[in-house]
Amino acid sequence: MIENSIKTGDGVHYFVEENGKIIGHANSTADNPHTVMIGGVATKYEARNKSIAATIVCQLASDILAQGKTPCLFGKDDETHNLFVGLGCQRYGEWARLERA
């Protein structure tokens, strides 16, 4: 999925390589005049606890803010959520799904 997005030029992708292999990644996804969604945040298991994801997300968020837009992301209450809260993200709301109209 991420590889396909990179090949098709969908979004902006930030990653960290080690020995020619990607060990951390984040990208922009949905983009509108006011916000840019951050997604695809991942770190190889062996490379965790080295602040790689935090570094990538911070740089991506900084670049989004420099465009005059607000970075946003969606996560659940888990380890990823703790990363985002630790970076200063605040819960804004909840998502719901329409089952039928």
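**View 1. Gly86 in helix H3.** Gly86 belongs to helix H3, which covers residues 79-86. Helices here are DSSP runs of H or I with at least four residues, strands are DSSP runs of E with at least two, and both are numbered from the N terminus. This is a predicted model, in which local features need pLDDT of at least 70 and side-chain atom pairs count only at pLDDT 80 or more, while totals for chains, interfaces and linings use all residues. Residues are numbered from 1 along each chain as its sequence is written, and side-chain values use heavy atoms, with hydrogens and water left out. With a relative accessible area of 65%, Gly86 is exposed. Exposed stands for over 50% relative accessible area, buried for under 20%, and partly exposed for values in between, with a 1.4 Å probe and protein chains only. The C-alpha atoms of Gly86 and Ala54 are 8.8 Å apart, although the two residues are separated by 32 residues along the chain.

**View 2. The whole chain.** The chain contains three helices and four strands. Read from the N terminus, the order of the elements is α-β-β-β-α-β-α. Of its 101 residues, 24% count as buried. The accessible surface is about 7,700 Å², and carbon and sulfur atoms hold 52% of this area. Areas were computed by the Shrake-Rupley method with a 1.4 Å probe, and for residues only the protein chains shown count as cover. Among contacts in the chain with a separation of 6 or more, 43% are between residues 24 or more positions apart. A contact is a pair of heavy atoms within 4.5 Å.

**View 3. The four-stranded sheet.** The strands make an open sheet of mixed pairing, in the order S1-S2-S3-S4. S1 and strand S4 (70-72) are at the edges with a single partner strand each, so one side of each has no neighbour in the sheet. From one strand to the next the twist averages 20°. The axes behind this angle are lines fitted to C-alpha atoms, for helices over the stretch in contact, and angles run from 0 to 180 degrees between N-to-C directions. Two strands are taken as paired if DSSP finds at least two bridges between them. Strands of a sheet pair through backbone hydrogen bonds, in either the parallel or the antiparallel sense. S3 and S4 are parallel and share three bridges, and Thr35 has Thr70 in S4 as its bridge partner.

**View 4. The hairpin of S1 and S2.** Strand S1 (residues 13-18) pairs with S2 in the antiparallel sense through six bridges. Tyr14 has Ala26 in S2 as its bridge partner. Two residues lie between the strands of this hairpin, and Asn19 has a positive phi near 55°. Glu18 is part of strand S1 and is partly exposed, with 42% relative accessibility.

**View 5. Thr43 and the hairpin of S2 and S3.** S2 and S3 run antiparallel and are joined by five bridges. Three residues lie between them in the hairpin. Gly24 has Thr43 as its bridge partner in S3. Thr43 is buried, with 15% relative accessibility. Apart from neighbours within four places in sequence, Thr43 contacts Ile23, Gly24, Arg48, Ile52 and Ala53.

**View 6. The largest nonpolar core.** This core has 13 residues, and Ala26, Ile38, Ile52, Ile56, Val57, Leu60 and Ile64 have the most contacts inside it. Strand S2 (21-31), strand S3 (35-43) and helix H2 (52-66) supply at least two core residues each. H2 gives the largest share, six residues. A nonpolar core is a set of buried Ala, Val, Leu, Ile, Met, Phe, Trp, Tyr and Cys residues joined through side-chain atoms within 4.5 Å. Not counting residues up to four places away in sequence, Leu60 touches Tyr14, Ala26, Asn27, Ser28 and Ile38.

**View 7. Cys58 and Cys72.** Cys58 is partly exposed, at 39% relative accessible area. Cys72 is also partly exposed, at 24% relative accessibility. The structure has zero disulfides, a disulfide being a pair of cysteine sulfur atoms within 2.5 Å.
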